[in-house]
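Open the model in your viewer and keep the selection tool ready.

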Amino acid sequence: MRWKVPNPWAKKDAAEHAAHIIERHAKKRAIQGMLTPAQEELRKELGLHPQGYKKDFMGKPIKEAKDPLTKRQRALLKELGLDKDQEA
């Protein structure tokens, strides 16, 4: 009787391949979770995260107004003393 030696270059059957993919996915998820830290931060900024936004008394999200000026323009205003926030 001759022993059958498996060919190391032969393709895996479907069950082995699926098990390998599931194992890789579990490893990746254990390390970083479903999303990367940058993606989590972006979700919070966009209000897509449960703790990403504040709610008013009716439970609706409060949208924060963005600063219309760039950081450079804001710094120049502060330097010149024309910033409204500093007067108060």
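**Stop one: Asp83**

Select Asp83: this residue is buried, because its relative accessible area is 4%. Buried means under 20% relative accessible area, exposed means over 50%, and partly exposed lies in between (1.4 Å probe, protein chains only). You are looking at a predicted model, where local features need pLDDT of at least 70, side-chain atom pairs count only at pLDDT 80 or more, and totals for chains, interfaces and linings use all residues. Residues are numbered from 1 along each chain as its sequence is written, and side-chain values use heavy atoms, leaving out hydrogens and water.

Where does Asp83 sit? Find the loop between α3 (71-80) and α4 (84-87). Helices (H or I, at least four residues) and strands (E, at least two) are DSSP runs, numbered from the N terminus.

**Stop two: the neighbours**

Now select Arg74, Leu77 and Lys78. Asp83 touches these three, not counting residues up to four places away in sequence. Touching is contact: heavy atoms within 4.5 Å.

Zoom in on Arg74. Its side chain and that of Asp83 are joined by a polar contact of 3.0 Å. Such a contact is a pair of N or O atoms within 3.5 Å; within protein, one must be able to donate a hydrogen and the other to accept it, and residues adjacent in sequence count only if both atoms are side-chain atoms.

**Stop three: the whole chain**

Zoom out. The protein chain holds four helices and two strands. Trace them from the N terminus: α-α-β-β-α-α. Of its 88 residues, 5% count as buried.

Finish at Gly33, which follows α1 and has a positive phi, near 85°.
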